Amino acid sequence: MVSIIPDRLLPDTALSVAGLTLYLQDLLEGDRNLRSIWLTGEVSSVSDHPTGCYFTLCEPDKSAAIRCVVWNSQRQKLLKLPEKGEQLLVLGSIRLYNKRGDYQLNVVQSLPAGEGLQALRLRQLRDRLEAEGFFDPARKRPIPAHPQIVAVVASDSSAAWGDIQRTLAQRYPGLRVLLSPTGVQGESAAAEIVRAIARVELDGRADVIILARGGGSAEDLACFNDERVVRAIANCAIPIITGIGHERDESLADLVADKRAHTPTAAAAQAVPNLANLYLEHQQRMLDLASAVRARFQIEEERLQLLQNRLKRLPATSRTLRQATGKLEVLQEKLSALNPAAVLERGYAAVIQSDGTIVRQTDGLELGEELTVRLSRGVLKVKIVELLDAE
């Protein structure tokens, strides 16, 4: 049996599927609030297609979900591509897909959400501060070798403050320690730390500052990654040592500080020398100095002995020289006496035969023989005219 629906039961306002879809499309895509919207959620599925990357973003408990697409033209602009199971923060616009009547989010930017977003922001801040030169080793100042006053910026009720006091007292008894108390956790901690550092700098007595906090989660230590704290450390006129968290922790405050220690106790140890070690080093220097003096004294004593020996040899040589000089004078006198010229000077003459023989007697001479007579001044040529016998 065929029933016929009366015409009066069909409303004049009935829409077609296409009409309803167009209406919804105009409604969704025309909403200014939906043209650029940030969404956060968990990626439940990812699928790559030639036209783009499709994925689903849902609540962690899977109570709601939305389909998303990153067109290939936008893929290179994304800081983070979707991966199944991770938390994402995405920016996009709502679009309606007419053929299926589905709406989806056309994504133009994607960032890690939760801890990932915090890590991204921290990395961006670190890169910017590094580009400004805040972490350059060349700008770090030396820590005084023997500070007279140490200031501590820490919580006055923290275990870190107690550890620092004990360490300073053990290593350097009598040291003056100033506390500039501050909060080290929570939203107001960064501003408090900046004010605490400024108080120490304004006071002007401290030679070095220890900025310290015990261990904690990344959220607990967030204030030490605050840009205000980093700039306060960099601009402080007093050198700063950080002792924040545990060995595995590293903050931007650690990177900008003049010296970084892994713990508050280690920071205190780096701030002052160990007085007991100084005593031992002093004693060793005294021993080394005494040894050096003895060695130098021995060297100089040996040198003095050499000089004394040389001096003894010199007087002996001087006496020998005087004796030799006296003998030389005697010999010179004898030589002078034997000098034929001296004899001639006294009025004597030398008679020489033609063959050079000196005439000492008349024997062997002949009448008429020519002789040479040498005087002290001049020479005579004579001829024998008479020979007489000696009486």
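Does E300 count as buried, partly exposed or exposed, and at what relative accessibility? Partly exposed, at 31% relative accessibility. The model is predicted. The points below start from that residue.

1. **The E300 pair.** E300 forms a salt bridge with R303. Their closest N and O atoms are 3.9 Å apart. Both residues lie in helix α9, which spans residues 275-338. They are three residues apart, about one turn of the helix. R303 is exposed, with a relative accessible area of 53%. The cut-off for exposed is over 50%, so R303 falls in that class.

2. **Salt bridges overall.** Side chains of opposite charge can pair when their charged atoms come close. A search of the whole structure finds 16 salt bridges. One of them links D102 and R67, with the closest N and O atoms 3.1 Å apart. D102 sits in strand β5 (residues 102-112) and R67 in strand β3, so this pair ties together parts that are 35 residues apart in sequence. D102 counts as partly exposed, at 24% relative accessibility. R67 is partly exposed too, with a relative accessible area of 45%.

3. **R205 and D203.** These two residues form a salt bridge, with their closest N and O atoms 2.8 Å apart. R205 is partly exposed at 39% relative accessibility. D203 is partly exposed at 38%.

4. **Largest pocket.** The largest pocket holds about 830 Å³ of space. Its lining has 30 residues. Q118, L122, A218, A222 and N225 lie nearest the centre. Two elements give two or more residues to the lining: α3 (115-131) and α7 (252-256). The largest share, eight residues, comes from α3. By class, the lining has 11 nonpolar, seven polar and 12 charged residues.

5. **Nonpolar surface patch.** L15, L20, Y23, L24 and L27 make a nonpolar surface patch of about 510 Å². L24 is found in helix α1, residues 17-29. At 35% relative accessibility, L24 counts as partly exposed. Patch residues need over 30% relative accessible area, so L24 passes that cut-off.

6. **Backbone at K62.** K62 has a positive phi of about 65 degrees, although K62 is not a glycine. Where is K62 placed? K62 is in the loop between β2 (52-58) and β3 (65-71). Strand β3 is also the strand that holds R67, the partner of D102 in point 3.

Key:
Residues numbered from 1 in each chain as written. Predicted model: local features only at pLDDT ≥ 70, side-chain atom pairs only at ≥ 80, totals over all residues. Heavy atoms only, no water. Patch = residues over 30% accessible without salt bridge, like charges linked within 9 Å, V, L, I, M, F, W, Y side chains within 5 Å. Areas by Shrake-Rupley, 256 points an atom, 1.4 Å probe, with all protein chains shown as cover. Salt bridge = Lys/Arg side-chain N within 4 Å of Asp/Glu carboxyl O. Helix = DSSP H or I, 4+ residues; strand = E, 2+ residues; numbered from the N terminus. Buried < 20%, exposed > 50% of the residue type's maximum accessible area, 1.4 Å probe, protein only. 1 Å grid on protein atoms, 1.4 Å probe; cavity = no way out; pocket = protein on both sides within 12 Å on 5 of 7 lines; lining within 4 Å. Points joined across faces, edges and corners; volume = space filled by probe spheres on them. Nonpolar A, V, L, I, M, F, W, Y, C, P; charged D, E, K, R; others polar.
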